[in-house]
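Welcome! Please take a moment to look over the sequence and the 3D view before reading on.

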Amino acid sequence: MGLIKFLKEKFAHRKEEKEEKTSPAVSNEENKTSSEEKPGQINEENKPLESQKDEINTSFDKTLDTTAKAITPKEDTAQVKEVSSQPVISEAKDKTTLNNEAEASEKNPEEPLSDKEKEKSIEDKYVAGLDKSRVGFTERLKKLANSHKVINQEYFDNLERILIEADVGVNLSLELIKETSIEASAKSITDPNELNDLLIDKMFVGYANRGGSFQTELNFAKEGPTVVLMCGVNGVGKTTTVAKLAKKYKDRGMKVLLVAADTFRAGAVEQLAFWAKKVGVDILTRPNSDPASLCYDALNKAKAEGYQLVLVDTAGRLQNKKGLMDELSKIVRVMKKIIPEAPHESLLVIDANTGQNGIDQASVFRDSVPLTGIVITKMDGTSKGGIILSIRDQLALPVKFIGLGEKMDDLEEFDLDKYLYGLLIGE
Ligand SMILES: Nc1nc2c(ncn2[C@@H]2O[C@H](COP(=O)(O)OP(=O)(O)OP(=O)(O)O)[C@@H](O)[C@H]2O)c(=O)[nH]1
Ligand SMILES: [Mg+2]
């Protein structure tokens, strides 16, 4: 079974719900086109695809359940320990901006969502967050197919342009086109729509078959604190991601410590302290100090006080600034003195808008920090959704989280099916 068909079946509940809403008089049974379209039902035909996906899909909730049981939170830790005495308001981020961002992320005061509602809201975020990418990629593919009766060289040239402009990457785009054209001629495919479906299947199979880790869940420590180091170039969304992760895991019952290791940029500490207060987690700060020594103290504190998750925000640094890159290696070295396995995750944050430059950033950061995964931010603001494939292709690193908006709840664990659904179908 092709990918598009698989996705339509997997997410059929969305269509059914939509139809129920628009025509309430029509019964559920009448709404279903066939019994095969029931969500979650796997027939013999789609088993191979399912087994490929097993490798990719996360068992994140399960991992968290186990982790949460293994470590018993001691007490409510929703208090902020701000060490900074003289708050300095950043030029880049004044209080009004921060308050606006916070307002945008205010918690919905309504009843807690059921599991089904939560799942639906995550799907909605993927669909909305990938809006621009869908228009830039899928809609263009459809238009191209509709404007051509036959597949010719000009068709393939256009296809190539669409892939490259969606940031799939030049090499991967060329490879995909080549493989698709060979298979299309072997199968005597002449319908452009059919060819597009074949291309999409190849993109997905390629993603699944690349080497490297597929693990999208955080690598939690077996015991003691799990340390996550966040790094990346300036302004990509590191601090916001730290705040979003803090909220996510606090909501799941974990005792979280934020470490303001961006002691470089004026106002960075205050920005993180603001979020710590808003989210209700503890923070360790020491403006103008050495970030490595702050991390040393933070890990000691985390061990002594039973923190389960330590999220370390670092300063934005250009990959060509050797001094700053060395500082990152030093942070990692020092952490290991306290917790030999730390950092359990070193996540590189990449702004989806930066496209292929993000790939270059990763290959340089890798020399200083043993990167374990990628966070893609600002996916909602770009039409370059193909960057995910490019990262997988060139870095063989898993995308662990995806930023789909500015609100605190707009960070999701990366889920390939939801991503593909948002990118390719999105209803
Ligand atoms: N639309 C959108 N905006 C985001 C997302 N993630 C972060 N941002 C915005 O990006 C801007 C920069 O975010 P920061 O978290 O300050 O970035 P940073 O990497 O910590 O920046 P430096 O510390 O200066 O290097 C903020 O306005 C965020 O609200 C996202 O997923 N979507
Ligand atoms: Mg920052």
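The paragraphs below lead you from the ligand to a helix, a surface patch and a strand. Keep in mind as you go that this is a predicted model.

Which residues come closest to ligand 1? In total, 21 residues surround the ligand, and the closest are Lys238, Thr239, Thr240, Asp380 and Glu406. If you sort this shell by class, you find two nonpolar, ten polar and nine charged residues. Helix α12, which spans residues 238–251, gives the most to the shell, with four residues.

Now zoom in on some individual atoms. A polar atom in the side chain of Glu406 sits 2.8 Å from an oxygen atom of ligand 1. The backbone takes part as well: an N or O atom of the Gly237 backbone is 2.9 Å from an oxygen atom of the ligand, and a polar backbone atom of Gly405 is 3.3 Å from an oxygen atom of ligand 1. How much of the ligand does the protein bury? On its own, ligand 1 exposes 660 Å², and the protein buries 87% of that area.

Next, turn to helix α17, made of residues 387–395. Is this helix largely enclosed or left open? Eight of its nine residues are buried, so the rest of the structure largely encloses α17. The buried residues are Ile387, Ile388, Leu389, Ser390, Ile391, Arg392, Asp393 and Leu395.

For a contrasting view, move to the surface. There, Ile164, Val170 and Leu174 form a nonpolar patch, and together they have about 220 Å² of accessible area. Val170 belongs to helix α10, which covers residues 170–186. Its relative accessibility is 46%, so Val170 counts as partly exposed, a class that lies between the 20% and 50% cut-offs.

Finally, find Glu345 in strand β5, which runs over residues 345–351. Is Glu345 buried or exposed? Glu345 counts as buried because its relative accessibility is 0%.

Methods:
Residues are numbered from 1 along each chain as its sequence is written. Chains are lettered from A and ligands numbered from 1 in the order in which they are written. This is a predicted model: local features need pLDDT of at least 70, side-chain atom pairs count only at pLDDT 80 or more; totals for chains, interfaces and linings use all residues. Side-chain values use heavy atoms; hydrogens and water are left out. A residue is near a molecule or strand if one of its heavy atoms lies within 4 Å of it. A polar contact is a pair of N or O atoms within 3.5 Å; within protein, one must be able to donate a hydrogen and the other to accept it, and residues adjacent in sequence count only if both atoms are side-chain atoms. Accessible areas come from the Shrake-Rupley method with a 1.4 Å probe; for residues, only the protein chains shown count as cover. Helices (H or I, at least four residues) and strands (E, at least two) are DSSP runs, numbered from the N terminus. Ala, Val, Leu, Ile, Met, Phe, Trp, Tyr, Cys and Pro count as nonpolar, Asp, Glu, Lys and Arg as charged, and the others, Gly among them, as polar. Buried means under 20% relative accessible area, exposed over 50%, partly exposed in between (1.4 Å probe, protein chains only). Patches are made of residues with over 30% relative accessible area and no salt bridge: like charges are joined within 9 Å, nonpolar side chains (Val, Leu, Ile, Met, Phe, Trp, Tyr) within 5 Å. A salt bridge is a side-chain nitrogen of Lys or Arg within 4 Å of a carboxyl oxygen of Asp or Glu.
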